[in-house]
Amino acid sequence: VLSRDELKQLEMSQQLRIAPPGRYEESNAAVAPQGAWRGRYMDGASGLRVLQSPEGASKITFSIQGTGLALNVVTGSETNRLQVTVDGRSSGTVELPSSDTPQFAKATIVSGISPETHTITLEQLSGAGWAFDTFEVVNNPNTLPFWLLLAGAFLGGVGLAVSFIFRWQRH
């Protein structure tokens with residue numbers, strides 16, 4: 001049985017493993033690489049380091065709280081295709097950008113998901129190994145319901161005013 005302090009400490013450590021909106025290094029606790037991933041020196045990288053996948057199949061998981069995930073990837077000469085899984089459900093595939101010379105490029109992995117805690121897993125389907133420098137969690141909640149509510153209130157008010165004017169003119 002854990003004490004109250006131990007429970008609080010455990011809860012705090014679990015919260016550190018979930019990245020809220022913001023930009024983070026590849027070494028953040030919210031990143032869980034599986035297999036032989038390794039840190040590699042790269043000039044121009046944030047912190048001079050990237051996280052490099054093993055050759056062939058690779059898998060990595062991000063724990064985020066937000067509506068989307070983007071990676072600052074290192075382009076390679078081959079296009080890498082990744083299977084994206086959000087909360088255990090397939091969300092399609094994404095192709096990482098490629099170029100003749102290695103450079104950094106932003107790759108949107110997931111966008112438009114609900115603004116809550118998510119587990120996003122990337123599994124390499126094709127291409128050589130790949131690397132990323134930083135990742136960004138975005139939070140752009142859908143404001144459409146607000147605008148629909150506002151438009152409904154406006155139209156309702158206009159309808160009420162028109163109704164009142166017609167009634168007043170009859171009397």
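A contact here means that heavy atoms of two residues lie within 4.5 Å. Keep in mind that this is a predicted model.

Q: Of the contacts between residues at least 6 apart in sequence, what percentage join residues at least 24 apart?
A: Start with the contacts in the protein whose residues are at least 6 apart in sequence. Then pick out those whose residues are at least 24 apart, and the share is 73%.

Q: What percentage of the residues in the protein is buried?
A: To count as buried, a residue needs a relative accessible area under 20%. The protein has 171 residues, and the buried part of them is 32%.

Q: Which residues form the aromatic cluster?
A: Searching the whole structure turns up five aromatic pairs. There's one cluster, and its members are Tyr24, Trp37, Phe62, Trp130, Phe132 and Phe135.

Q: Is Asn80 buried or exposed?
A: Asn80 sits in the loop between β6 (68-74) and β7 (81-86). Its relative accessible area is 6%, and the cut-off for buried is under 20%. So Asn80 counts as buried.

Q: Which residue's side chain makes a polar contact with the side chain of Asn80?
A: Leaving out residues up to four places away in sequence, Asn80 touches several others, including Val94, Leu96, Gln124 and Trp130. The side-chain polar contact, at 2.9 Å, is with Gln124.

Q: Why does Ser98 count as partly exposed?
A: Ser98 is found in the loop between β8 (89-95) and β9 (104-110). Buried stops under 20% and exposed starts over 50%, with partly exposed in between. Ser98 falls in that middle range because its relative accessibility is 36%.

Q: How far apart in space are Ser98 and Asn80, C-alpha to C-alpha?
A: Along the sequence, these two residues are 18 residues apart. In space, going from C-alpha to C-alpha, the distance is 7.9 Å.

Q: Which residue has a side chain joined to that of Ser98 by a polar contact of 3.3 Å?
A: Look at what Ser98 touches, not counting residues up to four places away in sequence: Thr75, Gly76, Ser77, Glu78 and Thr79. The side-chain partner in the 3.3 Å polar contact is Thr79.

How values were computed: Residues are numbered from 1 along each chain as its sequence is written. This is a predicted model: local features need pLDDT of at least 70, side-chain atom pairs count only at pLDDT 80 or more; totals for chains, interfaces and linings use all residues. Side-chain values use heavy atoms; hydrogens and water are left out. Buried means under 20% relative accessible area, exposed over 50%, partly exposed in between (1.4 Å probe, protein chains only). Rings of Phe, Tyr and Trp (its six-membered ring) pair if their centres lie within 6.5 Å; planes under 30 degrees apart count as stacked, over 60 as edge-to-face and the rest as tilted. Helices (H or I, at least four residues) and strands (E, at least two) are DSSP runs, numbered from the N terminus. A polar contact is a pair of N or O atoms within 3.5 Å; within protein, one must be able to donate a hydrogen and the other to accept it, and residues adjacent in sequence count only if both atoms are side-chain atoms.
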